[in-house]
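Student: I would like to learn how to read a few features of a model, one at a time. Please give the general idea before each case.

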Amino acid sequence: IKRGQSEIATDKLREALRLVRTPALRGQFYCVGNGVPILLAHALDAGIEVDVVRQLIRDWQVLPPATEPEAWPWPVKIFALGRFEVFIDEVLLQGEGRAHYRVLELLKALVAFGGKDIGNELIADSLWPDADGDAAQASLKTTLHRLRRLLGREDAIRLHDNKLSINFEVCWLDVRAWESVLEAAKPEGGAQWSDKQLDASDQAMRLYRGPLMANESQVWISSPRQRLRAKFLQWVERAGAAVELRGDADRAIRLYERALEADPSADVIYLKLMLCLKRSNRLLEAGRAFERCKSMMNANLGVEPSAEIRAVYESIRAETSQ
């Protein structure tokens, strides 16, 4: 794998893992060395004996590699892009009742504030703004204990030096995975995007299912949500431009369409889509994109499309009527 001989490595790995398909042989199978997480992650990515690999990871208590693959059998998986869901050992956590609501509020706050080294005072002031300092800290201590119990792992949330962190050795977070993929896909300087970077962009699009905790209305979510949305829209513009530069209009159109599925109110993406369709001489589709934009802007924001979008639409109409 390190030499780039992925196909040969995959064949060898498939041959080895086939030997431990039955439980009787699995106990006699072992693997040592720093490469174990990479090998097992490669097997999961290639779809090789997935159930066996996940069981080996649990049996050996293997920590995930630095890439933090989503397919890894994480004890806790947290989805916060588009919706907030928590899975414990692959089972969706059903948070019911006021007690669970407050406990999950703590987890949402940890996610919103970045998940790492978050000061106790910031969390306490956000979740218990009307309580005095000591009462808020006492509520935080109790809620932290309940959250760890709810997640089934005492080590899922770490507390050190009055700072809280999600333990990313046992918890997978889609926001963190998405930002990591974006960083890996970023070309250096003004270099043209490679196939690998464009593939990473496809993965990033799959991970971004919508604005951060879109259905939540807490004041402290607003700023992180806006930051991530701005990052998403900037990335879509850059990725779309890179694809168009390679002459692949169809792929760029698919990218813009998928971006609008995640964020239907993103007028800047409607503009990119319309321009790409116009350059591809798909004028009727470009006109329909404008109508969709207008309908969405009116319904969601109570506003009309921008002057720039309307100008592009008028130019499309002019070409259509010729």
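Tutor: Start with burial: buried means under 20% relative accessible area, exposed means over 50%, and partly exposed lies in between, with a 1.4 Å probe and protein chains only. Asn-215 counts as exposed because its relative accessibility is 71%. This is a predicted model, so local features need pLDDT of at least 70, side-chain atom pairs count only at pLDDT 80 or more, and totals for chains, interfaces and linings use all residues. Residues are numbered from 1 along each chain as its sequence is written, and side-chain values use heavy atoms, with hydrogens and water left out.

Student: What share of the residues of the protein chain counts as buried?

Tutor: Of its 322 residues, 44% count as buried. The C-alpha trace spans about 75 × 60 × 35 Å along its principal axes.

Student: How many helices and strands are there in the protein chain?

Tutor: Both are DSSP runs numbered from the N terminus: helices are H or I with at least four residues, strands are E with at least two. The protein chain has 14 helices and seven strands.

Student: Where does Asn-215 lie?

Tutor: Asn-215 is in the loop between H9 and helix H10 (219-245). Its C-alpha is 8.3 Å from that of Phe-84, although 131 residues separate the two in sequence.

Student: What do contacts say about the chain as a whole?

Tutor: Contact means heavy atoms within 4.5 Å. Among contacts in the protein chain with a separation of 6 or more, 60% come from residues 24 or more positions apart.

Student: How do I read a pair of helices?

Tutor: Axes are lines fitted to C-alpha atoms, for helices over the stretch in contact, and angles run from 0 to 180 degrees between N-to-C directions. Angles under 35 degrees count as roughly parallel, over 145 as roughly antiparallel, 65 to 115 as roughly perpendicular and the rest as oblique. Here the axes of helix H11 (residues 249-262) and helix H12 (residues 267-279) come within 9 Å and cross at roughly 155°. H11 is therefore roughly antiparallel to H12.

Student: Which residues of H11 and H12 meet?

Tutor: On the H11 side they include Ala-252, Ile-253, Tyr-256 and Leu-260, and on the H12 side Ile-269, Leu-273 and Leu-277 are among them. For the classes, Ala, Val, Leu, Ile, Met, Phe, Trp, Tyr, Cys and Pro count as nonpolar, Asp, Glu, Lys and Arg as charged, and the others, Gly among them, as polar. The residues of the contact of H11 with H12 divide into 11 nonpolar, no polar and two charged.

Student: Is Ser-126 buried or exposed?

Tutor: Ser-126, in helix H6 (residues 120-127), counts as buried because its relative accessibility is 17%. A polar atom of its side chain lies 2.8 Å from the backbone oxygen of Leu-122. Leaving aside residues up to four places away in sequence, Ser-126 touches Phe-113 and Trp-220.

Student: What about backbone phi?

Tutor: Most residues other than glycine have a negative phi. Gln-61 is not a glycine, yet has a positive phi of about 55°. Gln-61 is in the loop between helix H4 (50-60) and strand E1 (76-79), and is exposed at a relative accessible area of 68%. Glu-90, also not a glycine, has a positive phi of about 75°. Glu-90 is in the loop between strand E2 (85-88) and strand E3 (91-92), and counts as partly exposed at 33% relative accessibility.

Methods: A polar contact is a pair of N or O atoms within 3.5 Å; within protein, one must be able to donate a hydrogen and the other to accept it, and residues adjacent in sequence count only if both atoms are side-chain atoms.
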